[in-house]
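Subject: A structure to look through

Dear colleague,

Here is the structure that I promised to pass on, and below it I have set out what was found in it. Please keep the sequence and the view open beside this email while you read.

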Amino acid sequence: MRETSSQDLNMARPAHHRWVWLNGEYVPASEAALPITTQAFNYGTGVFEGIRGYRQADSERVAVFRLDDHLLRLRQSASLLAIDDLPEAAALAEITLSLLRRNEADGDCYIRPVAYKRQLLPGSGFGVKLSGVSSGLSINSLNMGAYVKQEGIRCTLSGWRRVADNAIPARAKITGSYVNSALAMEAAQRGGYDDAIMLNHLGYVAEATTSNVFMVKKGRLITPPVTANILEGITRDTVITLAQHYLGLTVEQRDILPSELLTADECFLSGTGVEITPVTQLDHCRLRSSGTESVTMAIREYYAQAVRGKLNAFMHWLTPVC
């Protein structure tokens, strides 16, 4: 079993901010609580987003990366669960920014909004349902830098299949569906790996436990299509845009067989949490993902510049907190 280092423990214990938004008001994080009868707690009927804010390179201010895109996806995810009383997009953005200002966020941070099914409405019978249930909204934030190994990680192809879109919508970040990821990650880490890459029900590569997958083969950047039961990642879209704009790469979105991924030149994961993380080993196969001349590292550098306001062409991706 993989041993836990002091560095791992430091990364696993981020500093949560003092204030949270809970159902219409700012409350101290230490006092925020939900009843045990909350429907989302019992049935996994909630949706969430992971959003990052970054300290900008030219000042002490913090800007949130692709805030509008994340909040749009949150609202779309919520609509699938009939959570239809969220604040309008502009109001939701202002609540988020106000929370960061109240928490005096002055460095890299993470924002987690959760929209969820709350309580049965009067006259609504007991049971698993979406209609006849009130909704809630919480937003919390915390200090967060990089929490995965920057030199690269080791992955395994998981025996757990990625949940199919016609079972639980893969394009939505539904809380209950993440048991699929937890099972795959647990098995991977017990086997000595850092993460797992899951296949879909057809046997093609889908995604890692909390991130999208890219591979580089013969100079081509390839990633599974949105029809492969993957989340339509915002970082995934960022990677595609940067690779086309700065590296002149044509990105192929197509099905990938496991054997093709195992014989790739490079592989990396993309996601708000993991950012751009090179995969240096996949099962027994070693990859050249972390080399100084690799496509992976070039994309990671452009991504780092984008989130810190160093790319003039993509400043529209950043929303200043102040």
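I begin with a charged pair: glutamate 252 forms a salt bridge with arginine 220, and their closest N and O atoms are 3.1 Å apart. By salt bridge I mean a side-chain nitrogen of Lys or Arg within 4 Å of a carboxyl oxygen of Asp or Glu. The pair links distant parts of the chain, since glutamate 252 belongs to strand E13 (residues 251-253) and arginine 220 to strand E12 (residues 220-223), 32 residues apart. The names of such elements come from DSSP runs, numbered from the N terminus, with helices (H or I) of at least four residues and strands (E) of at least two. Glutamate 252 counts as partly exposed because its relative accessibility is 22%, and arginine 220 is likewise partly exposed, at 31%. For these words the cut-offs are under 20% relative accessible area for buried, over 50% for exposed, and in between for partly exposed, with a 1.4 Å probe and protein chains only. Arg220 and Glu252 also belong to a network of salt bridges together with Arg254 and Glu260.

Before going further, please note that this is a predicted model, in which local features need pLDDT of at least 70 and side-chain atom pairs count only at pLDDT 80 or more, while totals for chains, interfaces and linings use all residues. Residues are numbered from 1 along each chain as its sequence is written, and side-chain values use heavy atoms, with hydrogens and water left out.

Other charged pairs

By the rule above, the count comes to 14 salt bridges. One of them joins lysine 149 to aspartate 194, with the closest N and O atoms 3.1 Å apart. Lysine 149 sits in the loop between E7 and strand E8 (153-157), and aspartate 194 in the loop between helix H5 (179-190) and strand E9 (195-199), so this pair ties together parts that are 45 residues apart in sequence. Lysine 149 is partly exposed at 29% relative accessibility, whereas aspartate 194 is buried, at 12%.

Arginine 162 and glutamate 207 form another salt bridge, with their closest N and O atoms 3.3 Å apart. Here arginine 162 lies in the loop between E8 and H5 and glutamate 207 in strand E10 (residues 205-208), so far as sequence goes 45 residues apart. Both arginine 162 and glutamate 207 are buried.

Two domains

The protein chain is divided into domain 1 (16-143) and domain 2 (153-308), bounds that come from an automatic or database domain assignment. In the contact between them, where heavy atoms lie within 4.5 Å, 23 residues come from domain 1 and 21 residues from domain 2. The centres of the two domains, taken over C-alpha atoms, are separated by 26 Å. About 1,900 Å² is buried between domain 1 and domain 2, and carbon and sulfur atoms give 57% of this area; buried area is the accessible area (1.4 Å probe) that two parts lose on being put together, summed over both. Between the domains the count is two salt bridges.

The nonpolar cores

A nonpolar core is a set of buried Ala, Val, Leu, Ile, Met, Phe, Trp, Tyr and Cys residues joined through side-chain atoms within 4.5 Å. The largest one has 28 residues, and Val64 and Ile139 have the most contacts inside it. Helix H4 gives the most to this core, with six residues. Leaving aside neighbours within four places in sequence, isoleucine 139 is in contact with several residues, among them Val20, Trp21, Leu92, Ile95 and Leu99. A second, separate core has 23 residues, including Val216 and Ala306.

Helix H4 and some backbone angles

Which residues of H4 are buried? They are Leu92, Ala93, Ile95, Thr96, Leu97, Ser98, Leu99 and Leu100. After H4 comes glutamate 104, with a positive phi near 55°.

Most residues other than glycine have a negative phi. Alanine 82, in the loop between H3 and H4, is not a glycine and yet has a positive phi of about 60°. Aspartate 283 also has a positive phi, near 50°, and is found in the loop between strand E15 (275-282) and strand E16 (285-286). At 18% relative accessibility aspartate 283 counts as buried, while alanine 82 is partly exposed at 31%.

With best wishes
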